[in-house]
Amino acid sequence: MTAPTLENNRVKLIPLDLSNYKQLITIAKETDLIYYSPNTISTPETLRDYVQTAVDGFYNNTTLPFIVYDKQLQAFAGSTRFGLINHKNKVLHIG
C-alpha cells in the first residue's frame, strides 16, 4: 500500500509517520482536544504511541494516517486517518 499526499487549495494531507509527528506536540496539548476519545495524547510519549499505532495500521494495510497542513496559515493543524480499510469491499472510515 502506498500513502498518497492529498491536497487542495487550503490543506495538504501528508502521510503521518514517526519522522513528522513532533509537529503535533503543541496541538496535542490543547484542552479537551480528545474529550470523547479513549486515547490520551497529552504528552510527547503518549502522542508517539498514538502515532505508532496509526503507522502500524498503515503497514498492516488497515489505515492511512495523515498530518494536516493548513496552507493558508502555513502551519500544521492536526491529524486524520482513513481507517478500517476493507480492500475487498472497497470501503473505509474517515477518522
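## Strand pairing

In this predicted model, Leu64 has Phe82 of β4 as its bridge partner. Strand β3 spans residues 64–70, and β4 spans residues 75–86. The two strands run antiparallel and are joined by 7 bridges.

Strands of a sheet pair through backbone hydrogen bonds, either parallel or antiparallel. Here the pairing is antiparallel.

## The sheet and its edges

The sheet is open and has 5 strands. Their order is β1-β2-β3-β4-β5. The edges belong to β1 (6–7) and β5 (91–94). Each edge strand has a single partner, so one side of β1 and one side of β5 lack a neighbour in the sheet.

## Helix on the sheet

Helix α2 covers residues 44–59 and packs on the sheet. The strands that α2 touches are β3 and β4. The direction of α2 makes about 125° with that of β3.

## The largest pocket

The largest pocket holds about 330 Å³ of space. Its lining counts 19 residues. Nearest the centre lie Leu33, Ile34, Ile41, Tyr50 and Ser79.

Three elements, α1 (25–28), α2 and β4, each give two or more residues to this lining. Strand β4 supplies the largest share, with 5 residues. By class, the lining has 12 nonpolar residues, 6 polar and 1 charged.

Terms used. Residues numbered from 1 in each chain as written. Predicted model: local features only at pLDDT ≥ 70, side-chain atom pairs only at ≥ 80, totals over all residues. Heavy atoms only, no water. Pairing = 2+ DSSP bridges. Helix = DSSP H or I, 4+ residues; strand = E, 2+ residues; numbered from the N terminus. Contact = heavy atoms within 4.5 Å. Axes fitted to C-alpha atoms, helices over the stretch in contact; angles between N-to-C directions. 1 Å grid on protein atoms, 1.4 Å probe; cavity = no way out; pocket = protein on both sides within 12 Å on 5 of 7 lines; lining within 4 Å. Points joined across faces, edges and corners; volume = space filled by probe spheres on them. Nonpolar A, V, L, I, M, F, W, Y, C, P; charged D, E, K, R; others polar.
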